[in-house]
Amino acid sequence: METLEMLQAYWWLLISVLGAALVFLLFVQGGQSMLHCNVSENQRLLMVNSLGLKWELTFTTLVVFGGAFFASFPLFYSTSFGGAYWLWMLILLSFVVQAFSYEFRRKRGNIYGTRTYDLFLMFNGLFGCVLLGVAVGTMFFGGEFTVSKANILDVSAPVISNWAPTHGLEAIACWKNLLLGFTVFFLARTMASLYFINNIAGDDDLTTKMRRKVLINGLIFAVLFVAFLVVLLLQSGYRQFDGEFVVEPNIYLHNLLGMWWFSAILLVGVVLALYGIFRSAFDKKWNCGIWYAGIGAGLAVLVLFCIAGYGGTAYLPSITDPASSLTIANSSSSLFTLTVMSWVSVLIPFVLAYIAYVWAKMNARPMSEKELKADSHQY
């Protein structure tokens, strides 16, 4: 394998890891969607302050995810982020309202009341998850765009990528994309319930409610995930051979079987996720399900990204013009850029270690009413 191909594969793996981390951290959005689900005012306060310690991690990971795409696969960035901008603007809007809601929810002089900002948080919890799932769905089921690199020489209109006039809104109407979106949404709610069990102490009633929500949301997620996996493995796609795209039926199934190690990782991920969900639902003394289910879900997402990009597969198929489909080979940065960034990526383990350290410090004392009273700042 040539150096450029190795670096392209390496950076796609990093993108996949960031995508897996982002899906894990969406438990914040899942928790926000449950702020009015049969909980008292004190319990809601505990939930908001528990999530308030972590919400910035999700937003930061989303930004890094987009930034990594911009640096390593700029043609995807300009095509998806620049072309389907209405879809991405809705996603960004949901995260913007999340940011100022945590800032102003209980600030003195708040004329709108905490309920208004709780509704904004719930908006981010629902639409943030579903629309992110829809956006990722276009990487499997395609988008309505064309790419013409020769346009870069056109001084009057140097636009390489052109999307459909609806600029991403049509992706929301695709039932396959919505299937993935709601799968992500119920996974986030399941992970949030597991997180509350792990992070909030001293409220047995809330813990009991969360164990029940783990079971309900976990079962819905499992059904939706199986349905999505069946649809995905039966999906046709484009594979590039000698510069030409060829339609291949069941392309993701072939990728999964051809790269057997990803099949093994997916199986391990599913088993870990199901173990974390069902033991948390029925074992009243166990509160570590967030880690088992989180690692399991992360491994499953990692595999999905990998089978979307490796093997010459078009990770962003074009419904309008198959020849415009994007692969990691035809959409990546130059050899020089990828080489320089690869040296910079050596710092990633240190960043992850810092995140783990900060997380451990934040979780040194579980969230409780006593902790809230002792803390002068409340979300």
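1. The largest pocket of this predicted model has a volume of about 1100 Å³. Of its 34 lining residues, L18, A21, T61, L352 and I355 are the closest to its centre. Two or more lining residues come from each of α1 (3-25), α4 (55-72), α13 (289-309), α14 and α15. A pocket is an open set of points on a 1 Å grid over the protein atoms alone, with protein on both sides within 12 Å along at least five of seven lines; lining residues have an atom within 4 Å of a point. Volume is the space filled by probe spheres set on the points, which are joined across faces, edges and corners. Helices are DSSP runs (H or I, at least four residues), numbered from the N terminus.

2. What classes of residue line the largest pocket? The lining has 28 nonpolar, 6 polar and no charged residues. Here Ala, Val, Leu, Ile, Met, Phe, Trp, Tyr, Cys and Pro count as nonpolar, Asp, Glu, Lys and Arg as charged, and the others, Gly among them, as polar.

3. The second largest pocket has a volume of about 450 Å³. It is lined by 30 residues, and V23, V184, L187, V301 and L304 are the closest to its centre. Helix α13 gives the largest share of this lining, 6 residues.

4. The structure holds 1 cavity of 30 Å³ or more. A cavity is a set of points where a 1.4 Å probe fits but cannot get out. The largest cavity has about 40 Å³ of space. Its lining is F65, F69, F76, F81, W88, A135, V136, M139 and F305. Helix α7 supplies the largest share, 3 residues. The lining has 9 nonpolar, no polar and no charged residues.

5. Helix α15 supplies its largest share, 7 residues.

6. Is F336 buried or exposed? F336 sits in helix α14. F336 counts as exposed because its relative accessibility is 65%, and exposed means over 50%.

7. Local features need pLDDT of at least 70, side-chain atom pairs count only at pLDDT 80 or more, and totals for chains, interfaces and linings use all residues. Residues are numbered from 1 along each chain, and side-chain values use heavy atoms, without hydrogens and water.

Note on methods
Buried means under 20% relative accessible area, exposed over 50%, partly exposed in between (1.4 Å probe, protein chains only).
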